[in-house]
Amino acid sequence: MVDNGTPTAQPTESRTRGGAPGGFPWRTLLLPSVLFVLVLGLSATVAVRHKALNAYDEQAHFDYVVQLQQGNFPVPAGQRYAEETIQTWACRPVDSAMSVAPLCGEPNSASDPRLPFGGVNYEATSGPVYYAIVAGGSSILSNLGISDLTGARLVSSLLYALGAAVLLLVAQRMAFSPLAAGGVILAAASTGLPVSVGAAVTPDSLAFLMVAAVIASALLTRTWRAAVLATALVGVVAGLTKGNFIVVAMLGSMLLLLRWVSLERPTLSWQTARRLLAVGPVVALPVLLSAAGSFGWASLAAMRNTTGAPSDGGMSVMLKSTLGPHERVAGELSTLLHPNAPAGYTVLSNPVLDVVGQLVVLAVLGACLCAWLWRIDADVRGLIVLRSVALTIPLSAVALVAIFWVSSGGAAATSARYGLPFLAAASAGLGASIQRRAAVLVGILGLAVWLYPWVGLFLQGYL
């Protein structure tokens, strides 16, 4: 069970908020601003210097942006790639086997049979939140002579760095040391897969920002009702961003549940247990609304399908598997527990960087287990974050398997980047739990993790 809400040491208002009494706490913005600059510098460098389209379906996500810029909204299911997308894709190297290099320079190639999955953009059923932001930002940058793809990557990098900074801003409200929290979050945001995703055109670059929003909504709001409403709103936005972001809504529901037990009803009794049954549907609201938003938008896209082509171009047929439900859940769970892709899958891939990434993942997720096994001297909200991650990961493994099974007719699809929200949340919880006496060391370690990818950039000829 969770603690009764009376941790041995809880940060005081002056320690967590800083600033002059009654005034805006400007000091709380200092470290998040530094973190923002560091993460943006790294991710933007990767975005500009890495020429290949990456293995995170970047061509499909970029095409969605192009479709919006061309006024095709909502993008219908079955939509074929735009000519601009095909030429950008064909005239660049790729990080996966989906090369269409022979089409480079060929006009009117949208219906060319050499395009994978019939030339259908299999991401067209995703919600528009991320794509609308990136389309607008990329259009502005194009006026400065920046190509659409590079502009879209730079906007993604901006959103990614903003997410890391806002996550630190949230963690400071429950941390012993903002420096320690910043060090852990910087390390998590600078490992191979997260920084590769942050520098790419993909909605997964919003993982840190979404997690910051859901933690703030569930734990930093003053009243229970405000927490439920705010977390439900985040769930809707998550569902309208990307289907696998339902894990963010599930994390929000778990945060609400543990908040209710630890803060709203800290004294356990039979009456509390009975009321918990009534609270259940309220706690589930973020997940229900997230699923409704994602399914509703996919249905709208399907209604606009004028090509008659399958919404995924037949990808689900390729992904069908003979694995049973238990094997699929085990595979999904393993993936979510290792949100740092294996060697060769990230933009910055070398053995040392991969090991560093795995060590960071083990540290932040190991803290979740420690939060259950040992009484940690920490703010109760930090413990709630860590424990929520530990509980939500196995539940999300089951949920994702069920979603893929139902939505794609038995296909099995999983990706390490689906675990990024848990890495982000755990890094905030761990950073908030580190004592001040270790803050300088943790800050230095975080900076060292951030510095190493620059070596990888140099070794791969990007610098």
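1. Is Glu 106 buried, partly exposed or exposed? In this predicted model, Glu 106 has a relative accessible area of 31% and is therefore partly exposed, since the buried class requires a value under 20% and the exposed class one over 50%.

2. The side chain of Glu 106 forms a salt bridge with that of Arg 114, with N and O 3.3 Å apart. Arg 114 is likewise assigned as partly exposed, at 44% relative accessibility.

3. Arg 114 also takes part in a salt bridge with Asp 112, where the closest N and O atoms lie 3.0 Å apart. Asp 112, in turn, has a relative accessible area of 16% and is therefore buried.

4. A further salt bridge joins the side chains of Arg 417 and Asp 204, at 3.1 Å from N to O. This pair connects distant parts of the chain, 213 residues apart: Arg 417 belongs to the loop between α17 (380-407) and α18 (420-433), and Asp 204 to the loop between α8 (192-198) and α9 (207-219). Arg 417 and Asp 204 are both buried. Through shared partners, salt bridges unite Asp 57, Asp 204, Lys 242 and Arg 417 in one network. The count of salt bridges comes to seven.

5. On helix packing, the axes of α3 (residues 58-69) and α6 (residues 148-171) come within 11 Å and cross at roughly 100°; α3 is therefore roughly perpendicular to α6. Glu 58, Phe 62 and Gln 69 of α3 make the contact with Asp 148, Leu 149, Ala 152 and Arg 153 of α6. By class, three nonpolar, one polar and three charged residues make up this contact.

Methods
Residues numbered from 1 in each chain as written. Predicted model: local features only at pLDDT ≥ 70, side-chain atom pairs only at ≥ 80, totals over all residues. Heavy atoms only, no water. Axes fitted to C-alpha atoms, helices over the stretch in contact; angles between N-to-C directions. Helix = DSSP H or I, 4+ residues; strand = E, 2+ residues; numbered from the N terminus. Parallel < 35°, antiparallel > 145°, perpendicular 65-115°, else oblique. Contact = heavy atoms within 4.5 Å. Nonpolar A, V, L, I, M, F, W, Y, C, P; charged D, E, K, R; others polar. Salt bridge = Lys/Arg side-chain N within 4 Å of Asp/Glu carboxyl O. Buried < 20%, exposed > 50% of the residue type's maximum accessible area, 1.4 Å probe, protein only.
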